[in-house]
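Here are a few notes to read alongside the coordinates.

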Amino acid sequence: MGSSAALIVALAVLATGCGGAGSDTGATKPPSGGSATKDSGSGSGSGSGGAVVDKGGSDTVFRTEERFRQALPDPASMAGWTPRSANAEVEEAPEPAANCGPDADWYCARIARGEANFEAVGEEAQFDLTAFADRSAAQDACRKEKTWSAKYTEAQVPPVPGVDSHAYYRNAGGLDGLNLFMCTGTVVAQVLLEGEGSSLDPATAHSLAQLFASRIHKAAGAR
């Protein structure tokens, strides 16, 4: 993403009892059985060639630790999961969108990024939130990410209400991964399920994505 420096701060989002943007409940703990069908070869990625649909979302710019703390899942909303880490990076010198080319570096113009990680039943769940200066830059990043992910096998995860979403399987380094991306307002969000021999249940990915989308929308509307 260029030579831009980043300020990294550890978030208190994983502190026990931290409510963030509200203690949303209902996150599904991943099942231990293999209920999902995976294909490690190339396939028709769910975003191949498709235009990004702007389903609204807020024009709020996510650039503060508090905004990320509100948006990222916390222990209260992740019953059955063990919190591992959380942090946010705010770019001190963001790359102008005009300098970004049509390549796989879809987060080139990001102004900040945050993540929260959890673990349960040998499965890891990572929530990533990448923020941009405006809706146009976020939509451009979404288009680039869809083009890049089209080479992977589509994951049959139901659409997430209120956002443009797509999901795919990616297998590398002995780990199975299910990546679900959501585009809304000025942010691009990712839910990554990963584990060695993991079941990667699409129902789990969908449940976690709905939780994440709800928190993002609440954080965007917070004052």
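1. Start at the N-terminal end of helix H3, which is capped by Asp201. A side-chain oxygen of Asp201 lies 3.0 Å from the backbone nitrogen of Ala203. Do bear in mind that this is a predicted model.

2. Next, the helix itself. H3 covers residues 202–221, and 14 of its 20 residues are buried, which leaves the helix mostly covered.

3. Running from residue 175 to 184, E7 is mostly covered, with nine of its 10 residues buried. On one side, E7 pairs with strand E6 (residues 164–172) in an antiparallel arrangement joined by nine bridges. Within this pairing, Ala172 stands opposite Leu175 of E7. The hairpin of E6 and E7 has two residues between the strands, and Gly173 there takes a positive phi near 60°.

4. E7 has a further partner in strand E8 (residues 187–195), again antiparallel and joined by nine bridges. Here Leu178 stands opposite Leu193 in E8. This hairpin, too, has two residues between its strands, and Gly185 in the turn shows a positive phi of about 60°. As you look along these strands, remember that in a regular strand the side chains alternate between the two faces of the sheet.

5. Which residues lie nearest the centre of the largest pocket? They are Trp106, Tyr107, Asp128, Phe181 and Gln190, out of a lining of 13 residues. The volume of this pocket is about 240 Å³. Strands E4 (123–131) and E8 each supply at least two of the lining residues. If you plan to sort the lining by class, it has seven nonpolar, three polar and three charged residues.

6. Last, a look at Pro83, which sits in strand E2 (residues 82–91).

How values were computed:
Residues are numbered from 1 along each chain as its sequence is written. This is a predicted model: local features need pLDDT of at least 70, side-chain atom pairs count only at pLDDT 80 or more; totals for chains, interfaces and linings use all residues. Side-chain values use heavy atoms; hydrogens and water are left out. Buried means under 20% relative accessible area, exposed over 50%, partly exposed in between (1.4 Å probe, protein chains only). Helices (H or I, at least four residues) and strands (E, at least two) are DSSP runs, numbered from the N terminus. Two strands pair if DSSP finds at least two bridges between them. The expected span of a helix is 1.5 Å times one less than its number of residues. A polar contact is a pair of N or O atoms within 3.5 Å; within protein, one must be able to donate a hydrogen and the other to accept it, and residues adjacent in sequence count only if both atoms are side-chain atoms. On a 1 Å grid over the protein atoms alone, a cavity is a set of points where a 1.4 Å probe fits but cannot get out, and a pocket is an open set with protein on both sides within 12 Å along at least five of seven lines; lining residues have an atom within 4 Å of a point. Grid points are joined across faces, edges and corners, and a volume is the space filled by probe spheres set on the points. Ala, Val, Leu, Ile, Met, Phe, Trp, Tyr, Cys and Pro count as nonpolar, Asp, Glu, Lys and Arg as charged, and the others, Gly among them, as polar.
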